[in-house]
Amino acid sequence: MKVCYNKFFKLLIDRGIRKMEFAKMAGISQNTMARLSRNQNVSLDVLGKICCTLDCKIDDILEFISEDKEKW
């Protein structure tokens, strides 16, 4: 099962926040933002910072994609 952060980036676009601007607001590194862009795993601490900064729930910023759906 893989994680997808497209919801997070759509939320940033909807709110008019640039990626690096958000990284500073949330106190996360540029490397972490790059990991999010590549749909790689990040720590729960990072996800918590994102949710607190955007005042949202975790399911507002990520979704899990099963291996079966990827093959289609």
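Close-up 1. The model is predicted: local features need pLDDT of at least 70, side-chain atom pairs count only at pLDDT 80 or more, and totals for chains, interfaces and linings use all residues. Residues are numbered from 1 along each chain as its sequence is written, and side-chain values use heavy atoms, without hydrogens and water. Asn-39 sits in the loop between helix H3 (30-37) and helix H4 (44-54). Helices (H or I, at least four residues) and strands (E, at least two) are DSSP runs, numbered from the N terminus. The phi of Asn-39 is positive, near 55 degrees, and the residue is not a glycine. Most residues other than glycine have a negative phi.

**Close-up 2. Asp-55, in the loop between H4 and strand S2 (63-65).** Asp-55 is exposed, at 71% relative accessible area. Its phi is positive, about 50 degrees, although Asp-55 is not a glycine.

**Close-up 3. Cys-4, a buried residue of strand S1 (residues 2-4).** The relative accessibility of Cys-4 is 6%. Contact means heavy atoms within 4.5 Å. Leaving aside neighbours within four places in sequence, Cys-4 is in contact with Asn-39, Ile-61, Leu-62, Glu-63 and Ile-65.

**Close-up 4. Cys-4 and Glu-63, 59 residues apart along the chain.** Their C-alpha atoms are separated by 5.4 Å. Glu-63 is also among the contacts of Cys-4.

Definitions and conventions:
Buried < 20%, exposed > 50% of the residue type's maximum accessible area, 1.4 Å probe, protein only.
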